[in-house]
Amino acid sequence: MRTSQYLLATLKEAPKSCKAISHQLMLRAGLIRQVSSGLYTWLPTGLRVLRRIENIIREEMSKIGAIEISMPIVQPAKLWKKSGRWIEYGTELLRFKNRNHREFVLSPTHEEMISEIICKEIMFYKQFPLNVYQIHTKYRDEARPRAGIIRAREFIMKDGYSFHVSQESLQSTYNNMYQIYHTIFNRIGLSFCVVQAESGRIGGRLSHEFQAYSENGEDNIAVPIILNNSGDFKLKGNASPIKIQAKIAIETMRLIEAPHVRSVEELINQFDLSIHQVVKTIIVRVKNKYVNNSCSLLGLVIRADHQISSKKVAMIPEISIPLSYIDPKDIHVLTGAHPNLLGPINLSIPYIVDYNVAIMSDFVAGSDVSGKYFFGVNWNRDIPLPKVADLHVVSPNNLYVNDDNMLLIHNCIEIGHIFQLGQKYSKLGLNYIKKNNKHNLIVEMGCYGIGITRIIAVIIEQNHDKNGILWPDAIAPFRLAIIPIDMHRSVNVRNITEKIYKQLLFAIGADILVDDRKEYPGTMFADIDLIGIPHVIIISDRCLVNQEVEYKYRKKNEIKKIKLETLIQYMVKKIVCS
């Protein structure tokens, strides 16, 4: 592929409204363009990455006998009414009527429809187990789309469904899917963990979430660790990661005036609160290189009955060691509030939240104005949840054995979810399965999802540098880029470029991008780095004098010279055989 025949669509800068680095780089690298809030067009570069991920999923699904199908995104409302999710699913389910006033939904998932199809089509128990999947567009009417495609309204998902006449058969397929998901995510190049999870609106008796590590993650995963005497930590025994979940918000946030309250104790007594409902904010000094703030200060938000653990805080890179607290007088100058009742809302400095506070709902916090307090505060509704860490001193009331046992907190994004649904949906089918013409069996069902478009954002979150994206080789939009310097003025560069391009096309396939634009070399280098193509060949008159070209490996940003006579063999070894 030549850039002169390709829609490169790179940008020097991302819109200022983009906060997530993945959103910024996807726009700048020309992967996507926003159409409306939560809706995106996939441009050629982004679509190439998307298709590579889809192909990896298809290859792995075929290994366990899964069959690909395709179902419509528009579904009759009667299916959802029969399952009860017409009401249960809530406002994210987009409902509408056609010209004949019949009700439909724009589907966020396909459990109802696939159950209807399978229970009508299959009548004999020996036709089971059956494992089908699709890679298809979904729509969820998100109230607040955020971070680009991490939480979009329209997205592409792999959703699979298995049908069985016994729990043992379901468990076997579930185990296979659990293992194949590990293979898929490892092939894609993701750093992830698995947690047992609640089944939520999908339902069922058992489910596991595959969570990828990301600073922009909405979920908080706690990994049990052991801290040794030197301050290093290791994973604790056979302990599994734990998903930290907040309770459902009930109250509405409100600002309460209490001009005579000057301490947590007075606040609790006056309003008859539990101390577990109140949070407090401690301000400490930080290292300048980590915080873009002239004050060089950081807030630590913990529960009112907890104390800051110096040992745990020492593990956070932002914090200056030894721990240094700001003078109370300076706090009053900074916030205008009494230092005992600072809160995260309207705080003018960055802050980190303790994991116990991250799971609180309807909590009470200072307003950073003396005599006023926020009641009924909830994360992600009233205030964004920032970085989460383990900050507090362990007390005997915690689920820790001793002070050496800790939880390492990761922000994560859900990239996959598998469920054992049991008979929740299959029992809705019109027909039953006949066994030996005597017994009627209702089918056991499993459900297996992967958020494909979301995965691309997560990979970028995990793989980027100051110059752009660092794609894993397996999913890069192009494996190799060729940058010919001044090829429109140099016949030698142009001829060598064409010769190398044709030889490499034959040797490694069509995943090559030749930058044949009439641009400055700096612009071409910047664009190829931004897109994140793993392997780069630079052809110039300066190097051709010695019968050489330059080879650059994007991840390490290292450049070495390769003789023309050995170039093809070298690139085949680097790209095909590695």
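**Note on helix packing and nonpolar cores**

1. Helix 12 (residues 491-508) packs against helix 15 (residues 564-575) at about 35°, with axes 10 Å apart. Helices are DSSP runs (H or I, at least four residues), numbered from the N terminus. Axes are lines fitted to C-alpha atoms over the stretch in contact, and angles run from 0 to 180 degrees between N-to-C directions. The contact (heavy atoms within 4.5 Å) involves Ile496, Ile500, Gln503, Leu504, Ala507 and Ile508 of helix 12. Helix 15 supplies Leu564, Leu567, Ile568, Met571, Val572 and Ile575. By class, that is 11 nonpolar, one polar and no charged residues.

2. The model is predicted: local features need pLDDT of at least 70, side-chain atom pairs count only at pLDDT 80 or more, and totals for chains, interfaces and linings use all residues. Residues are numbered from 1 along each chain as its sequence is written, and side-chain values use heavy atoms, with hydrogens and water left out.

3. Helix 2 (residues 44-63) and helix 11 (residues 452-462) have axes that come within 10 Å and cross at roughly 115°. The two are therefore roughly perpendicular (65 to 115 degrees). Helix 2 contributes Gly46, Val49, Leu50, Ile53, Glu54 and Ile57 to the contact. Among the helix 11 partners are Ile452, Ile455 and Ile456.

4. Ile53 also touches Ile188 and Ile475, not counting residues up to four places away in sequence. Ile53 and Ile456 are among the residues with the most contacts inside the largest nonpolar core, which has 54 residues. Such a core joins buried residues (under 20% relative accessible area, 1.4 Å probe, protein chains only) through side-chain atoms within 4.5 Å. Helix 6 (residues 167-188) gives the most to this core, with eight residues.

How values were computed: Parallel < 35°, antiparallel > 145°, perpendicular 65-115°, else oblique. Buried < 20%, exposed > 50% of the residue type's maximum accessible area, 1.4 Å probe, protein only. Nonpolar A, V, L, I, M, F, W, Y, C, P; charged D, E, K, R; others polar.
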